[in-house]
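Please read these notes with the model open beside you. They are set out as numbered points, each on one topic.

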Amino acid sequence: ARLAVLLLGAIGGRIGHNPTSVSRGNNHPTTFWFLASDFLPEMSESPAIRDEAPNFRATLADGDVSAFELDDVVGDGPIVLAFFPGAFTPPCSSEMNGLQEHLADFEAAGATVYGVSADSALSQNAFREKQGVEFSLLSDMARSAIDKYGVEIDIDGLGLIGVANRSVFIVDKHGKIAYTWIADDPTNQPDYEEILDELEDL
């Protein structure tokens with residue numbers, strides 16, 4: 001079952017051509033993000049406000065590919081971790097656009113933004129280029145961050161196990177969780193103004 005999740009990055013290119021559907025190999029595309037009854041979240045406990053932000057390792061996709069560890073960037077200013085289910089899907093494309101539109105304000109507040117998903121770094125870099133995203137994405141194919149932040153969901157109708165629910169965590173310069181938002185439905189979008197207000201209050 002977990003193999004199906006690892007294929008998410010590989011099917012990214014196909015989704016990019018027709019982002020509302022995925023072919024299952026029988027030439028009958030299946031609508032990707034609008035099967036609300038198929039979202040069956042089984043999440044572990046997420047860190048709460050004032051908790052120590054869980055450290056994790058991932059692969060940084062910023063046009064190039066490199067190693068990333070959260071603890072290495074804590075202390076440089078607030079960090080926005082924006083988890084999303086999958087590259088090239090319509091709600092995730094909308095979220096990347098929303099984050100990009102607010103990026104200058106987030107950076108003016110001293111923050112660094114990272115998108116986090118289980119996609120491969122290769123898929124994420126293609127997604128960044130397509131969406132014109134200027135912030136970095138983190139490839140969490142090992143599910144380290146997804147597990148530690150308690151945002152894992154299953155989309156059983158598509159055979160996708162262990163992808164990230166749409167969620168946002170702000171880590172302050174002391175490495176503490178300062179803000180959390182986890183979507184009730186992964187098609188929902190974060191409140192970007194609320195995120196900015198929280199950053200400006202730090």
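**Notes on the model**

1. A salt bridge joins Glu-52 to Lys-176, whose closest N and O atoms are 2.9 Å apart. The term salt bridge is used for a side-chain nitrogen of Lys or Arg within 4 Å of a carboxyl oxygen of Asp or Glu. The pair links distant parts of the chain, 124 residues apart: Glu-52 is in the loop between β3 (39–41) and β4, and Lys-176 is in the loop between β11 and β12. Helices (H or I, at least four residues) and strands (E, at least two) are DSSP runs, numbered from the N terminus. Lys-176 is partly exposed, with a relative accessible area of 32%. Here buried means under 20% relative accessible area, exposed over 50%, and partly exposed in between (1.4 Å probe, protein chains only).

2. This is a predicted model, in which local features need pLDDT of at least 70 and side-chain atom pairs count only at pLDDT 80 or more, while totals for chains, interfaces and linings use all residues. Residues are numbered from 1 along each chain as its sequence is written, and side-chain values use heavy atoms, with hydrogens and water left out. The pLDDT is the predictor's confidence in each residue, from 0 to 100. The protein chain averages 83, and 76% of the residues score at least 70. Over residues 1–42 the pLDDT is below 50, and this stretch has 79 contacts in the model beyond near neighbours in sequence. Contact means heavy atoms within 4.5 Å.

3. The count of salt bridges comes to three. Arg-57 forms one with Glu-69, at 3.4 Å between the closest N and O atoms. Arg-57 lies in strand β4 and Glu-69 in strand β5, so this pair ties together parts that are 12 residues apart in sequence. Arg-57 counts as exposed, at 62% relative accessibility.

4. Is Arg-166 buried or exposed? At 0% relative accessibility, Arg-166 counts as buried. Its salt bridge is with Glu-95, the closest N and O atoms being 2.6 Å apart. Arg-166 sits in the loop between β10 (160–164) and β11, and Glu-95 in helix α4, 71 residues apart. Glu-95 also counts as buried, at 0% relative accessibility.

5. Seven strands form an open sheet of mixed pairing, in the order β5-β4-β8-β7-β6-β11-β12. Two strands pair if DSSP finds at least two bridges between them. β5 (65–69) and β12 stand at the edges with a single partner strand each, so one side of each is left without a neighbour in the sheet. The twist averages 25 degrees from one strand to the next. Axes are lines fitted to C-alpha atoms, for helices over the stretch in contact, and angles run from 0 to 180 degrees between N-to-C directions. β11 and β12 pair in the antiparallel sense over five bridges.

6. The largest nonpolar core has 28 residues, and Met-96, Phe-106, Phe-127 and Phe-135 have the most contacts inside it. Such a core is a set of buried Ala, Val, Leu, Ile, Met, Phe, Trp, Tyr and Cys residues joined through side-chain atoms within 4.5 Å. α8 gives the most to this core, with four residues. Leaving aside neighbours within four places in sequence, Met-96 is in contact with Phe-84, Phe-127, Gln-131, Val-133, Phe-135 and Leu-137.
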